[in-house]
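I opened this notebook to keep track of what I looked up, strand by strand and helix by helix. The entries follow the order in which I looked.

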Amino acid sequence: MSIHSYINTDAEQKQRARFLDSEQIQRILNSLEPSIVIQDMANIFKVLSDPSRLKIVTALQEGELCVIDIVGLTGFSQSSVSHHLKTLRLYNLVRFRRKGKLAFYSLSDTHVSALLAVARDHARE
């Protein structure tokens, strides 16, 4: 992306030149993530914006849990928990393993835990 696609007209360029350093703008434009990454990031926040899913992933920060334990901890129905877990798996926020008839869930990686920790710290401020 070039600065020329950011600044469309001469009038806009003159207006922006008073306030913006073109070198800084170019550095920012060069560092922006591609649209697909921005969309994936937005989807993560969208999925985690649901309080029920957020409660589930917060419980999973403490360790692996089976669906029955998640139901007991959250007070949600088994079908609701299963639906939320399916969505969380679709966005790679949780993973699961089977042991016989039981399904055990955990956070997919430390990035999810770190994201939750930062959100919790920010909410507590």
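How many bridges join strand β1 to β3, and do they run parallel or antiparallel? I found two bridges between β1 (residues 65-66) and β3, and the strands run antiparallel. I note that the model is a predicted one.

**Entry: the partners of β3**

I wrote down the strand order as β1-β3-β2, an open sheet of three strands with antiparallel pairing. β1 and β2 are at the edges with a single partner strand each, so one side of each has no neighbour in the sheet. On this sheet I found helix α7, which touches β2 and β3 and whose direction makes about 120° with that of β2. I also checked how covered β3 is: of the six residues in 102-107, five are buried.

**Entry: α6 against α7**

Next I looked at how α7 (residues 78-90) meets α6 (residues 67-74): their axes come within 9 Å and cross at roughly 110°. Angles of 65 to 115 degrees count as roughly perpendicular, and α6 and α7 are therefore roughly perpendicular to each other. I noted the crossing of α6 past α7 as right-handed. On the α6 side I listed Val67, Ile70, Val71 and Thr74, and on the α7 side Gln78, Val81, Ser82 and Leu85. By class, I have five nonpolar and three polar residues in this contact, and no charged ones.

**Entry: α5 against α6**

What is the angle at which α5 and α6 pack? I read about 115° for α5 (residues 51-60) and α6, with the axes 10 Å apart. The crossing of α5 past α6 is right-handed. From α5 I listed Lys55, Ile56, Ala59 and Leu60, and from α6 Ile70, Leu73 and Thr74. I sorted this contact into five nonpolar residues, one polar and one charged.

Notes
Residues numbered from 1 in each chain as written. Predicted model: local features only at pLDDT ≥ 70, side-chain atom pairs only at ≥ 80, totals over all residues. Heavy atoms only, no water. Buried < 20%, exposed > 50% of the residue type's maximum accessible area, 1.4 Å probe, protein only. Helix = DSSP H or I, 4+ residues; strand = E, 2+ residues; numbered from the N terminus. Pairing = 2+ DSSP bridges. Axes fitted to C-alpha atoms, helices over the stretch in contact; angles between N-to-C directions. Parallel < 35°, antiparallel > 145°, perpendicular 65-115°, else oblique. Left-handed = near helix turned anticlockwise from the far one by under 90°. Contact = heavy atoms within 4.5 Å. Nonpolar A, V, L, I, M, F, W, Y, C, P; charged D, E, K, R; others polar.
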